[in-house]
Amino acid sequence: MPVLEATDITVRFGGITALDGASLSVESGSVTGLIGPNGAGKTTMFDVLTGLTPVDAGTVTVAGRNVTRVAPHRRARLGVARTFQRLELFGALTVLENVECAAGMALGVRGRAAAASRIAAPLVARVGLGPVAHVRAGLLPTGQARLVEVARALATNPQVLLLDEPASGQSDTEREQFSRLLRDLADDGLGILLVEHDMDLVMSVCQRIVVLNFGRVIADDTPAAVRTNPAVMAAYLGTGAAHG
Amino acid sequence: MAEAVLELKGIRAGYGSVEVLHEVDLSLRRGSVLAVLGSNGAGKSTLLRVAAGLHPLGSGSVLLDGRRVANWSPDRLARHGLCLIPEGRGVFPRLTVRENLWMSTHLGVTRATAEEIAFARFPRLGERRDQMAGTLSGGEQQMLALARAVIVRPKVLLVDELSMGLAPQLVDSLYDSVRAIAADGVSVLVVEQFARAVLGMADRAAIMVSGRVVHQGTPAEVEEHLSSAYLGG
Amino acid sequence: MQQFFSYTVSGLGTAAIYAIAAAGLVLTYTTTGVFNFAHGATSMLGAFTYWEMRFAWHWPAPVALIVCLGVLAPLFGILLERGVMRHLDNSSETTKVVTTISLMLGLLGLSLWLWNPSRSRPFPRFWEGDVLTLAGVRIPYHVVATLAVTLLVALGLWLVLKRTRFGVSMRAVVDDRSLVALNGARPHVISMASWSVGTVLAATAGVLIAPTLKLSALPLTLLVVNAYAAAVMGKLKNLPLTFLGALVLGLATEYFRGYQSSLPFSDKFVPGFLASVPVIVLLLVLVLGRSPLRGHAITRVRETVQRPTWAGSAGMAVGVVLVAALLSDVIPRTDLFTLGRVWGLGIIALSLIPVVGYGGQLSLCQMSFAGVGMVMVQHLGSQGNPLALVAAIVVPALLGMIVALPSFRLSGIYFALSTAAFAVLMDRWIFLLPRFRFLGLDWDIFNGGSLDLRRTRFFGLSMEGNRVFFIYGAAVFALVSVAVVGIRRSNYGQRLLALKDSPAACATLGMNIKVAKLGVFAVSAGLAGLGGALYGQGMQSATTESVQFVSSLTLLMVMVVAGLSSPGAALFAGVFLGFGLNNVIFGKIADFVPDRLGWAEHFFDKLGSNTLIVVGLAGLSLGRHPDGFVATRLRPRWDQILARPHALLGIGGTLVVAYLVRIAGLINNWLFAIAAIIVLTVVPAAIVPRPKHSAEHGLADDGEEVMIRAGARGH
């Protein structure tokens, strides 16, 4: 059973159909890529999966449980965590506080400060932010800021992690470390859904790739198969004109 | 070799602390069409926004007709013959089609001329002249956006992702209009993800990956590198 | 039927004026993104200027009208755009709101300066007494004129917006500001045009409504609250809907007024209710409106201040109590009475810290909560019963949760407006309700307009005396400030800061945002209630004026200027407003001005008696210090002093010597106070080099500083 599954999702904004019957699923212990041209509906899909955007049709399940009408904070407690393409850091707090705070939120009102800090410190070290743990998050460069979001999401002890362009703004060495982290997390049994523009990263870490275009899934296959899929190439390069 | 009408030299720019353009060099020859290709996130739109004065330039220089225009305001650049059709729909949705066209009068055209030229090129707009631009179809909105370029006949036309969210046939017919504008002697720099839509009309092409120009040359030379630039490998 | 027509006529007249005012508000908001809280103050200034020219200088009406509305108003609009609004282009919504609130206070202060409020200024209606009779309905000329002007305004706006390039460009700016620039238009010129049109509309509304409201600064300024309702009906962007909203409002008000005698309840409750109709409508539209209204951005008040430490805040708390105890010895008892209110105001100022400083929710009704706290003391604390203080915390806290409810659907400017509407509702209606019976009980909420507040007795220990009350107040302030720091350091405080920065992230991380918002409002309203109780007990008798909307705004502005997240700023706010620091400082300066400079003396005297203008001007400078003066300027210097024992010792020693000299009677209180202020502010500034940058680039700066210091040691 997939840890996260979206079936026939349709979302309309006014007259525009952002998602048009799109389905995808994420398995525990594997990395699934979600790619597609600009405006294909990737971030909308993330908002649907985390409950920030209501659906017009379709269902979302977490570990088999239907959560389509469940509020974002309850989904988080069921094990769905995400990062944001446009950074949503708690800029006034330090890196460590960001992660503690997230651990506390996931623990709910009963969350004890001590428990939260027990969770936070190792996570900050794990994503490689140990040296800047006490720096205010708002002062970090984008590459590190994205890692704070990852650590924060992990602090909620998720079953599935949704990453929205986590590598943009990272240097080459940071990317290298990051792809290693992704593989480690998957090995630990986490299900990961990855939206990313860096195709080398996507192709190297993902077991499956879902391709969206105009809000529809046009391919759901292995990286090698997606790379040679003519429909995918057409979606990226457009059809007609020179070579039809 | 024809002289450059728009030259971008060593452009660096970014958002906050993250740099998205790393020393980009491009030059647009007078009377030619240059296509800049690349997948999303490559920095193409940012490049055009920098050139049009909408995004601050980190370092480098922008030359329009040989004149240094870095850090000019967008309206000043517009008055000096630079015209950007921005990403998305470059129209005012709550203004009627005619009112949208009237905005060109800031560049010295009369209302009557503006309407006349636009409706002659795009008869469909004439039929919908008193409709709110927001209620037009996507293709019609792009026609309206392009109409500005037709009316003011700029020195340099920058077009950003005309194809976004449109059906392929529609994209082709829009680029036919761009081709016609270019044939009128306007130099055109077009940024596009859907490479095939523009390679046929371009005199030169370039591919951007992660904020750098990685290939430059004739459309045929560039085309070979497309697949790897878009899908890795 | 006859009656109905005549109510309709006056309703149309009122509606017309609301429409003009609201149209100006909507125009500037849509084209520039600045919601102008000072719109009403502009109306007021316009009305006063017209009155001056027409009735003081006896200019003919047409000339006065042309000069006022045709020349001065547009110029003022251009001045506003160039001087203030242009600099707000990239600032947060909070900074924009706060800046226009400062402008409002400043203009209010300016008018009190120029036009002595105790003088009466008759402002006859245009064509007073002339009546047009149409099919048996009597329509006063001034209503006809008002309607005609409104029609002209509507027609003129329509023509300008639809037919002229300027107008089309103004509407285009609403859709896409940068695309306008790409079309070659100069955005600032368009902004200037819309500010001048907005100002002309505001001034026109002011001149038209002044005769009905009497020429009085505050009611005229609050006219804008009525216009808010109409503007919000048009969702702050749709002009025809705004006009319709104004029509509904104007008619509703006049029908209520007309038919009040036939209403089922006693008419003595009605006047307050009538005045509140526009705010009630505003609240209803905001809360029940079809779609949630989201402001441009989350309200962000940047915080660059370090997390406060327990040691630091405990030190400050002990210091405050000690200094209060020492001062209570040297200050004359009569002055001690005046000073008693400092602590209450300080606590109300502290109550702003959790909600605005940490939580980023702009509350414009803190004084109303304080008023409820006072009411509790009045009714439950007549024997000095300490339980009254508990009620003064609990009841406002519950009320605070109700006020927070709209925040589930509203954000940014819309939520701020709902708190403003609540404050005005309390001012105009609830606090003014006469004695009535309800549920078998006698209710007399504000005791007929003036509360009589007994100071608390704790188990036989009375806080009645001025000296003991002063020290007790300081102790409560100190405790609350420690509590506020405790909130910041707790899990809950972290979550509030997190919520301010990103509600979306909080929700997806598992936080229940609604509970957090209710909680922070309950806490801060409760603290405000406690502060109100102490404030009232300090004064011993309180009027509704002390807790009105404008006082909330003034307190908020002083806090914003001083620094919204530091208890030290709250202390400053308490002293500044409670002690009339403004009056003291500028009054003293005036005393020192040589006699031959009479104008200068007069100037400083005026400045001293006009807190509003000082607060307003300080607030307008906010663009430069969005984090507040205390937090960004004074605190860093004190931090450096604390790191240098000899400097600290010197300052402390000087103060002790000054205190001893004062005790010995060698100098009077004034010299002592001045010496203390010099030692505490000027000396640190002189001996410590200015920090090179603000904490904004904290990381880099810290590194640099460390290196500089290390280098200095090396040599």
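## Helices on the chain B sheet

Contact here means heavy atoms within 4.5 Å. In this predicted model, helix α6 (residues 138-152) of chain B lies across β6 and β7 of chain B, and runs at about 170° to β6(B).

Those two strands belong to an open, mixed sheet of 6 strands in chain B, ordered β6-β7-β8-β3-β9-β10. β6 (82-85) and β10 (212-217) sit at the edges with a single partner strand each, so one side of each has no neighbour in the sheet. On average, neighbouring strands are turned by 15° against each other, direction ignored. Helix α1 (residues 44-51) of chain B also packs on this sheet, touching β3 (33-37), β6, β7, β8 and β9 (204-209), with its direction at about 150° to that of β7(B).

Zooming in on one pair: β7 (residues 156-160) and β8 (residues 187-192) of chain B run parallel and share 5 bridges. There, B:V159 faces B:V190 in β8(B).

## Salt bridges within chain B

Over all chains, the structure has 27 salt bridges. One of them links B:D75 and B:R79, at 3.3 Å from N to O. Both residues lie in helix α2 (residues 74-79) of chain B, 4 residues apart, or about one turn of the helix. B:D75 is buried at 7% relative accessible area, while B:R79 is partly exposed at 30%.

## Bridges from B to C

C:D175 pairs with B:R94, with the closest N and O atoms 3.0 Å apart. B:R94 is partly exposed, at 43%.

B:E99 and C:R171 form another salt bridge, at 2.8 Å between the closest N and O atoms. B:E99 is in helix α3 of chain B and C:R171 in helix α6 of chain C, so this pair joins two chains. Both residues are buried.

Key: Residues numbered from 1 in each chain as written. Chains lettered and ligands numbered in written order. Predicted model: local features only at pLDDT ≥ 70, side-chain atom pairs only at ≥ 80, totals over all residues. Heavy atoms only, no water. Pairing = 2+ DSSP bridges. Axes fitted to C-alpha atoms, helices over the stretch in contact; angles between N-to-C directions. Salt bridge = Lys/Arg side-chain N within 4 Å of Asp/Glu carboxyl O. Buried < 20%, exposed > 50% of the residue type's maximum accessible area, 1.4 Å probe, protein only.
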